[in-house]
Amino acid sequence: MRLHFYCLFSSRGCTDVLCCVLFVIVILGYIALGTVAWIHGDPRKVIYPTDSTGQFCGQKGTPNAKKAILFYFNILKCASPAVLINLQCPTTQMCVSKCPDRFATYTDMQLHYRFNKSHWDYYKQFCKPGFNNPKKSVTQVLRDEDCPSMIVPSRPFLQRCFPDFITRNGTLTVANKTAFKDALDTARSVTELRDAANGITSIHEAKEVGMKIVQDYARCWYWIVIGLVIALVISLIFILLLRFTAGFLLWFIIIAVILLVAYGIWHCYWEFTVLRKTPGADVTISDIGFQTDLHVYLQLSQTWLVFMVTLGLTEFSIVLILIFLRKRVRIAIALLREGSRAISYIMSALFYPIITFVLLAVCIAYWAMTALFLASSGDAVYKVTSVHPNCKYANQTCNPESFNRTNITKQCPGAQCLFAFYGGESLYHRYIFILQLCNLLVFLWLVNFTIALGQCTIAGAFASYYWARRKPADIPACPVFSSFSRAIRYHTGSLAFGSLILAVVQLIRVILEYLDHKLKGAHNVFARFLLCCLKCCFWCLERFIRIMNRNAYIMIAIYGKNFCTSAREAFYLLMRNVVRVAVLDKVTDFLLFLGKLLIAGSVGVIAFLLFTRKIPIIQEEVPVLNYYCVPLLTVILGSYLIAHSFFSVYAMCVDTLFLCFCEDLERNDGTTAKPFLMSPGLKRILGRAELSPKKSRG
């Protein structure tokens, strides 16, 4: 048996060497791509606003060092349809140190300048640098774009000056005014400003909501950390208790989840009946539309009706599954008990997800930085912008230094040569989009490789438990580390091969989602239908590849064969045991899901009582929050992810044991020459007629 164990885990060679070499080359190329992007890119181009000359606002060592806010000369032009075409407001944009705080026009400034020069001192800070001629006629000033024709009270938002909208008694105002006049003495309304600053009012409300959410996080961050620590402790205790009380604990989870959902149904029904009698609570969700104040939705009876129906369907589904699969549930519970026994011998496997998390964080950070530097690569590109959408020169590149000497301004009155974006005509700049796709593909490859490495490592550790005849004497001293070393040393190519296949499918799905987003407004029904079919097919393909890769990695961890051979053997092995796999695997996943749901729900209930100040003992110490829903959802989601990290190891353990069990049945017959290596517990759980020793043929 020692020899058999040695053959499984020691006598192996490198697999899929070509893919391993390609993977190493791609990583080196990825490092080179990040280096080139770092040399050519400048994140300031994405982070900071840029004026009409392509200069950054608020950058040290530049004339705009103390001018961190972008100011639009005539924001009314931003309501032009050309903005949607050119993605650029057709008006001069300049960096300023502060936004205007009053209504004023260039004409009014000239009238008051004769008596008080301070009016010009204030107005000229919104004019082009170096312009100091307050006596220049209004017509010439507007022609040369020396100064804005008017200024309106504004406030900085996203480092840009936008009108300071305030709603008073249901009326939109700016500085308590609903109307004003421009430099040509034309009457203007605040509504025009709102249309020009399209969506600014809702964005401003969203900003206020965001600020309140940040305040809530600042006030209760330590309570959130305490909730996540509680989830961590509960998950760890839960895993440990499964070793000794698996049957009781899992049935307790099932009953507790049923009771928890039932309580949710009762609470929703109680809220619904109370609000149904309340005047004004019968308004539908569609009638009130999007509201930044989440409490508004909780005052509607329809909201609680939706919650009640959702929970009712969930309860019905859970009960139905338990009724029809009660025998399989008992078998799955016994299988989980055996898995908990294996985990008790290899406790270090529970903490391997931390390594996976760190590697994923590195991949995400590198991808984000590379994408940012690629997006900010290039030189300033200027394009013709015009308030007239029919201008044939619109959106063409131009030179701001020679623009006024061309005929464009004559054929398209009011046209300007403004900064558009950063790009270039070199070979590097032409293929920025392709490089971004390469960046995304390699990122998906590395992420899938990291997950594959974790699955292969965990599978190898628990396979060493299964194939050990004397447990725990024959289990390696450091099974997780030994399995990790084998995976890196011998099977990097195989893991990279499987990860590449999955990454290509995921990239195609990303491209399809992008095309679907672009075709949302299209009226081509056939194209939309075809795209929908492709999205559905590739979603199914991705799910299938995920399942096959997972089982292939288990076979690689056990026998050390290449990816294609392992995937083929795993597929045929699963097909020969399709009934067991289809039922037991899903029932096991269902029970583990209920465990994650119970942990997240329990911590969520505690957090709800805490944030709503309904726990008398610590009621005074809990801060008053603007939106308790956001920290509550943070705790619930974080608790679920923590429980998922522990239970993912558990699920991999059960899958590995089950695949080893199927392999054991086919390779051994229970005789002295070929004894079964499964534990007595697995014999009782999954024992069938074929487990009995076959009679030797005389």
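A search of the whole structure turns up 3 cavities of 30 Å³ or more. Here a cavity is a set of points, on a 1 Å grid over the protein atoms alone, where a 1.4 Å probe fits but cannot get out, and lining residues have an atom within 4 Å of a point. Volumes are the space filled by probe spheres set on the points, with grid points joined across faces, edges and corners.

Before you click around: this is a predicted model, where local features need pLDDT of at least 70 and side-chain atom pairs count only at pLDDT 80 or more, while totals for chains, interfaces and linings use all residues. Residues are numbered from 1 along each chain as its sequence is written, and side-chain values use heavy atoms, leaving out hydrogens and water.

**Stop one: the largest cavity**

Select Phe71, Tyr72, Ile75, Met150 and Val152; of the 12 residues lining the largest cavity, these are the closest to its centre. The volume there is about 110 Å³. Strand 1 and strand 4 (150–151) each give the lining at least two residues (strands are DSSP runs of E, at least two residues, and helices runs of H or I, at least four, numbered from the N terminus).

**Stop two: strands 1 and 2**

Now show 69–72, which is strand 1: it runs antiparallel to strand 2, with 4 bridges joining them (strands pair if DSSP finds at least two bridges between them). Phe71 has Met94 as its bridge partner in strand 2.

**Stop three: the disulfides**

From Cys95, follow the sulfur to Cys57, 1.9 Å away in a disulfide (a pair of cysteine sulfur atoms within 2.5 Å). This left-handed link has -75° about the S-S bond. Cys57 sits in the loop between helix 3 (44–47) and strand 1, 38 residues from Cys95.

Next, pick Cys99 and Cys161, whose sulfur atoms are 2.1 Å apart in another disulfide. Its S-S torsion is about -95°, so it is left-handed too.

Which way is the link of Cys127 and Cys147 handed? With 110° about the S-S bond, that one is right-handed. Cys127 lies between helix 6 (118–123) and helix 7 (138–144), and Cys147 between helix 7 and strand 4, so the link ties together parts 20 residues apart in sequence.

Finish at Cys14, which is in no disulfide: the nearest cysteine sulfur, on Cys20, is 7.2 Å away. Cys14 is exposed, at 52% relative accessible area.

How values were computed
1 Å grid on protein atoms, 1.4 Å probe; cavity = no way out; pocket = protein on both sides within 12 Å on 5 of 7 lines; lining within 4 Å. Buried < 20%, exposed > 50% of the residue type's maximum accessible area, 1.4 Å probe, protein only.
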